[in-house]
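I opened this notebook to keep track of what I looked up, one topic at a time. The entries follow the order in which I checked things.

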Amino acid sequence: LMEKISANLSYKEGVHSNTATRRNIDNNPNAEQLAAMKLVAAKVFQPVREWYGKPIRVNSFFRSPELNTRTGGSKTSQHCKGEAIDIDTSNDNKKLYDYIRDNLEYDQLIWEFGNESNPDWIHVSFSKNGNRKRQLLAKKVNGRTTYSVI
């Protein structure tokens, strides 16, 4: 199953996880989850990639429930539905965040850690059932991740 999720996103990138590989966890989406991934790619990833014009690293996209538990993901994580992607360019994350916020439809857009000038990575989700355009800031407080509305 070596199909592409979008022009610049391979299936392999969409399901890759070091934790899944290390722990031998099956991290392949079902048809519904794959359809959700293709929608996220079409509505968010691909438009950003074409605007940015350079490769964008995918830190995490699909997570099976077992993988999500192993990585400490939220029980309601949109990654499990194939509706969320974590992207990272290292130094241009703020630029991508602003572009998504100002130009694209999305459900949640999360500035993940980092500092005021650049997040460590961006979490963005898209749902076929309607999008809230919710912006959040993720921070570590006493070792726990907290989210606040921006």
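**Entry 1, the core.** I am working from a predicted model. I began with the largest nonpolar core, which has 29 residues. Leu9, Phe45, Val48, Phe61, Ile85, Ile87 and Ile100 touch the most other members. I then looked up which elements give two or more residues to this core: helices H1 (11–15), H3 (31–52) and H5 (93–103), and strands S4 (84–88), S5 (108–112) and S6 (121–125). H3 gives the most, with 8 residues. I noted beside this that nonpolar side chains tend to be buried together in soluble globular proteins.

**Entry 2, Phe45.** I listed the contacts of Phe45, leaving aside neighbours within four places in sequence. They are Ser6, Asn8, Leu9, Val40, Ile56, Val58, Ile85 and Ile87.

I traced an open sheet of 6 strands in the order S3-S4-S6-S5-S7-S8, with mixed pairing. Which strands stand at the edges? They are S3 (57–60) and S8; each has a single partner strand, so one side of each is left without a neighbour in the sheet. From one strand to the next, the twist averages 30°. I also checked how S3 meets S4: the two run antiparallel and are joined by 3 bridges. Arg57 stands opposite Asp88 in S4.

H3 lies across S3, S4 and S6, and runs at about 30° to S4. H5 also packs on the sheet, where it touches S4, S5, S6 and S7 (134–141). The direction of H5 makes about 160° with that of S5.

I found Ser148 in strand S8 (residues 144–149). Is Ser148 buried, exposed or partly exposed? Its relative accessible area is 36%, so I put it down as partly exposed, the class between 20% and 50%. Not counting residues up to four places away in sequence, Ser148 touches Gln135, Leu136 and Leu137. The C-alpha atoms of Ser148 and Leu136 are 5.4 Å apart, although the two residues are 12 apart along the chain.

Asn118 is in the loop between S5 and S6. Its relative accessibility is 15%, which is under 20%, so Asn118 counts as buried. What does the side chain of Asn118 reach? I found the backbone oxygen of Ser90 at 2.9 Å, and the backbone nitrogen of Asn93 at 3.2 Å. Beyond four places in sequence, Asn118 touches Ser90, Asn91, Asp92, Asn93, Lys94, Trp111 and Phe113.

Key
Residues are numbered from 1 along each chain as its sequence is written. This is a predicted model: local features need pLDDT of at least 70, side-chain atom pairs count only at pLDDT 80 or more; totals for chains, interfaces and linings use all residues. Side-chain values use heavy atoms; hydrogens and water are left out. Helices (H or I, at least four residues) and strands (E, at least two) are DSSP runs, numbered from the N terminus. Buried means under 20% relative accessible area, exposed over 50%, partly exposed in between (1.4 Å probe, protein chains only). Contact means heavy atoms within 4.5 Å. A nonpolar core is a set of buried Ala, Val, Leu, Ile, Met, Phe, Trp, Tyr and Cys residues joined through side-chain atoms within 4.5 Å. Two strands pair if DSSP finds at least two bridges between them. Axes are lines fitted to C-alpha atoms, for helices over the stretch in contact, and angles run from 0 to 180 degrees between N-to-C directions. A polar contact is a pair of N or O atoms within 3.5 Å; within protein, one must be able to donate a hydrogen and the other to accept it, and residues adjacent in sequence count only if both atoms are side-chain atoms.
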